[in-house]
Amino acid sequence: MSPIKIPEKQLTELRAFVTLLKSQPSLLQQPELQFLKEYIESLGGKVPACEIPKTEIPKSCPAHESHKASKPAEDEEPELVESDVELDQTGVIEPDNEPPQEMGNPDQEMSEADEEKFSDLRQQATAAFAEGDYQKAADCFTEVIKLNPQSALMFAKRANCFIHLNKPNACIRDCDRAIEINPDCAPAHKFRGRAHRLLGNWEEAVKDLRLACKIDYDDQANEWLKEVTPNAKKLEEHRRKYERLREEKLLREKQARIRRAQEEHQKAREASEARSSSAGANPFAGMGGMGGMGGMGGMGGMPDISSLLNDPEVLAAFQDPEVAQAFQDVSANPQNYAKYENNPKIKSVINKMAAQFGGGMGMGGGFPGGFPGGFPGGFPGADDGSSGAAPNSGSADDLD
């Protein structure tokens, strides 16, 4: 028999475990490692007798890194760790790992000349099986299969021999081939179910045995089905439980993502509304008394500024950043009005304001020149004839 090749991943994990034991040999005193301790002692080794220390896994051990990596973030739910299911493992055997048995040529059909030989070998196999010589029976069925590799029943009969030889994997291979030839081969489903039971594959065993009884009821298949059903039911309930928990976890994570997105959207909306509210506020706010007008102090008889600010046309105009900027520019220096004479949008707004101030104060056209730090002589060219007011003809002193 050729030696079994151990996968590199398992070798790496084994090396890490041995390294851990070398650094902390007292770990072998743990109850779950009793089997390893007994094995070492059976080889003449000696395990130190001391108390089990309370220590952490060394950082050099791969398990330490995997533990760190598995720590969930604060805003994420921890991964579900499935608990073990307590099963009755009575009768479970070690798997057979022998090379695959002879399966014959799948494209070959039995000739008429081989029919007599086929019949003779089948009788020999049946007799050997009845005498309990299962290996001889399996060998005879192999010769039968070589003659007629299209017989699902012959594969199923050899599979039964492998069951008695405690070779469940070989049995499964024969049953797979039999079912491939004939999906309704009840004996193949029956023996494959039994093989899965010997390997501890409880759910697979239930599936095959149920199907075998459905295709062609058999008392033995039904007894085997009753035997594996309790363990299979536990596994099915366990799987459904964790499927439900995983679905609930995914739902909670989805709801959390939606909630965070809604909160971020709400914050963004509130910030946008705040900016819009700020942009749509009184355009004169923050202008320090309309920049350069000195707060319009001491201007007895001047019209109430609130009437101007309630003018929808003026307020609408000041929603335009270009108009607001131009007004600030002219407020700082009335001579800058000349820059906007060719801009009808800005000129009309400034002239409208000049006309309202002039009309309300009996000054016709332009802002009065007596504003402390204000617009001396009014807005140049403010009177374009649209207001119907007289040109500005004096200073604030003329009001007396």
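## Overall make-up

A residue counts as buried when its relative accessible area is under 20%. By that cut-off, 33% of the 400 residues of the chain are buried. The model is predicted.

The chain holds 14 helices and zero strands. From the N terminus on, the order of elements is α-α-α-α-α-α-α-α-α-α-α-α-α-α. Take the contacts between residues at least 6 apart in sequence: 60% of them join residues at least 24 apart.

## Helix α6 against α7

Two packed helices are described by the angle between their axes and the distance between the axes. Helix α6 covers residues 152-164, and helix α7 covers residues 168-181. Their axes come within 8 Å and cross at roughly 165°. An angle over 145 degrees counts as roughly antiparallel, so α6 and α7 are roughly antiparallel to each other. Their crossing is left-handed.

On the α6 side, the contact is made by Ala-152, Phe-155, Ala-156, Arg-158, Ala-159, Phe-162 and Ile-163. On the α7 side, Ala-170, Cys-171, Asp-174, Cys-175, Arg-177, Ala-178 and Ile-181 take part. The residues of this contact divide into 11 nonpolar, no polar and three charged.

## The loop between α6 and α7

Asn-166 lies in the loop between α6 and α7. Most residues other than glycine have a negative phi. Asn-166 has a positive phi of about 55°, although it is not a glycine. With a relative accessible area of 45%, Asn-166 is partly exposed.

## Helix α6 against α8

Helix α6 also packs with α8, a helix of residues 186-199. The axes of α6 and α8 come within 9 Å and cross at roughly 25°. Angles under 35 degrees count as roughly parallel, so α6 and α8 are roughly parallel to each other. The crossing of α6 and α8 is left-handed.

From α6, the contact draws on Leu-153, Ala-156, Asn-160 and Ile-163. They meet Pro-187, Ala-188, Phe-191, Arg-194, Ala-195 and Leu-198 in α8. The residues of this contact divide into eight nonpolar, one polar and one charged. Ala-156 and Ile-163 of α6 take part in the contact with α7 and in the contact with α8.

Gln-101 sits in the loop between α3 (62-69) and α4 (115-130). At 14% relative accessibility, Gln-101 counts as buried.

Leaving aside neighbours within four places in sequence, Gln-101 is in contact with Arg-158, Phe-162, Ala-170, Arg-173 and Asp-174. Among them, Arg-158 and Phe-162 of α6 and Ala-170 and Asp-174 of α7 also belong to the contact of α6 with α7.

Arg-192 lies in helix α8 and Asp-208 in helix α9 (residues 202-215), so the pair ties together parts that are 16 residues apart in sequence. Both Arg-192 and Asp-208 are buried. Arg-192 and Asp-208 are also linked with Asp-176 in a network of salt bridges.

Glu-227 forms a salt bridge with Arg-194, with the closest N and O atoms 3.3 Å apart. Glu-227 lies in helix α10 (residues 219-279) and Arg-194 in helix α8, so this pair ties together parts that are 33 residues apart in sequence. Glu-227 counts as partly exposed, at 37% relative accessibility. Arg-194 counts as buried, at 17%. Arg-194 is also one of the α8 residues that meet α6.

Glu-143 pairs with Lys-146 in a salt bridge, the closest N and O atoms being 3.5 Å apart. Both residues lie in helix α5 (residues 134-147). Because they are three residues apart there, about one helical turn separates them. Glu-143 counts as partly exposed, at 35% relative accessibility. Lys-146 likewise counts as partly exposed, at 35%.

Conventions
Residues numbered from 1 in each chain as written. Predicted model: local features only at pLDDT ≥ 70, side-chain atom pairs only at ≥ 80, totals over all residues. Heavy atoms only, no water. Axes fitted to C-alpha atoms, helices over the stretch in contact; angles between N-to-C directions. Helix = DSSP H or I, 4+ residues; strand = E, 2+ residues; numbered from the N terminus. Parallel < 35°, antiparallel > 145°, perpendicular 65-115°, else oblique. Left-handed = near helix turned anticlockwise from the far one by under 90°. Contact = heavy atoms within 4.5 Å. Nonpolar A, V, L, I, M, F, W, Y, C, P; charged D, E, K, R; others polar. Salt bridge = Lys/Arg side-chain N within 4 Å of Asp/Glu carboxyl O. Buried < 20%, exposed > 50% of the residue type's maximum accessible area, 1.4 Å probe, protein only.
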